[in-house]
Amino acid sequence: MENLMEKIISLAKQRGFVYKSSEIYGGAYSFYDYGPLGVELKNNIKKQWWKNVVYQRQDVVGLDSSILSPRIVWEASGHLQGFADLLVECKQCHHRFKEDELNKNQCPDCAGDLTSPKQFNLLMKTNLGVVKDKQEEYYLRGETCQGIYLNYLNVKDSLRKKLPFGIAQIGKAFRNEITPKNFIFRTREFEQMEMQYFVNPDEANKHYDEWKQVTMDWYKQYIVNSENLRWREHTKNELAHYAKQAWDIEYKTPFGGWKEFAGVHNRGDWDLSRHQEYSQIKMEYRDEVTNQKFTPWVVEVSIGVDRAFLMFLLDAYDEVDGGRTTTTKSIKAKEVVLRLDKRLAPIKAGILPLAKKPELIKIANQIYDELSRQWMCEYDQTGSIGKRYRRQDEIGTPYSITIDFDTIKDKQVTIRDRDTMKQERILINALPDYIREGIRD
């Protein structure tokens, strides 16, 4: 679809999904705020992943670790030594670029000469303490998984966990990216959904294949166009310093083709071994059956929440030429429908009184109060019913509920399905079961 990213960015702002951060001051480059609909979509993405990975499995538990940690953590993890990009700067316009993104040794903005590549560490540093000479060097986490490794022993001992088991976490991470771009795809502040699965080294490959399947299956539940998803294996030259094996889930984007949206990695024993070395705390595990002693290997699932958010918007966006109405003449060349999976949709039901009459408004408010105990709903009484349907379609609302004058007599409403446009007349007290069955949440 032509200019799809421009349309997504425009829709995101106009309908309250995503705003540029600090926009009244000109905007903070590469930082974004999630609006009323955006926070609901984002929360639904996280809820569905957490349900799939934590609630529905006996072998995975959750964690919420600190965002800040001392310098020694990032020394042990290898980030202070190896978490860097090669940066070049234009000698003429002084714009900076990642070396691996350039096709030739020339500034893409002004064609000026570039400096030699220099290491640029991506971690964000701060100093803590009130006395200047005694301030401690801390870092905002560059990835959420380190907090999991730091708490591996705590979780294992306090919950009496036996291998294999996993620890999942959803949280913010921060990287001083040289070239953030493509809306919320690459930013300096972002959110991750990660799961670290601790295993016997002899069983690492088996569990790795399992988590690859689990991760791809999770995405495919919510995607309309699954042909836009694929696996890509990392070559030996691009493997991270800790990785034994790494595969990315890529999505075919309108801003450069196939791009990484998630990864599944075999991290070996790098992380626990390094933290054992630096902390002098034993991370070894003893198998009670075989009496075998070893440092667990880690299978990692890493998903960017913001990237998943963008993927689902790109996948769900649809334009219908001539509009979708079948009863009246369309006045629009195109109508936008956001075909989000009903479980992800920020608003589950639009409550629409047919006219601004007290008796209809009273019933509509009662329906809103009842349904909003379980789902996010939107009340809308402005404009024609056709315009209100289109507004709900544009934000991905699965169901629109119309309260008309017959409702007063028969206690029934008309419920319209976003995708099929089918309209049914049902009793008001049947609405919760109808929506619950349709959403499958």
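Predicted model: local features only at pLDDT ≥ 70, side-chain atom pairs only at ≥ 80, totals over all residues.

A: The largest nonpolar core has 59 residues, and the members touching the most others are Trp49, Tyr219 and Phe312. Helix H9, spanning residues 305–316, is the top contributor to this core, with nine residues. There's also another core lying apart from that one, made of 18 residues, with Leu360, Ala364, Ile401 and Ile439 among them.

Let's zoom in on tryptophan 49. Skip its neighbours within four places in sequence, and the contacts are Ala168, Gln169, Ile170, Met193, Glu194, Met195, Trp218 and Ile303.

Now for cysteine 90, which sits in the loop that links strand S5 (84–89) to strand S6 (96–98). Its relative accessibility is 1%, so cysteine 90 counts as buried; the cut-off for that is under 20%. Again setting aside neighbours within four places in sequence, cysteine 90 is in contact with His95, Cys107, Cys110, Gly112, Asp113 and Leu114. Serine 116 is 26 residues away from cysteine 90 along the chain, and their C-alpha atoms are 9.8 Å apart.

Finally, a look at the surface. Ile67, Leu68 and Leu128 make up a nonpolar patch there, and together they have about 190 Å² of accessible area. Leucine 68 belongs to strand S4, residues 68–70.

Technical notes
Residues numbered from 1 in each chain as written. Heavy atoms only, no water. Patch = residues over 30% accessible without salt bridge, like charges linked within 9 Å, V, L, I, M, F, W, Y side chains within 5 Å. Areas by Shrake-Rupley, 256 points an atom, 1.4 Å probe, with all protein chains shown as cover. Salt bridge = Lys/Arg side-chain N within 4 Å of Asp/Glu carboxyl O. Helix = DSSP H or I, 4+ residues; strand = E, 2+ residues; numbered from the N terminus. Core = buried A, V, L, I, M, F, W, Y, C linked by side-chain atoms within 4.5 Å. Buried < 20%, exposed > 50% of the residue type's maximum accessible area, 1.4 Å probe, protein only. Contact = heavy atoms within 4.5 Å.
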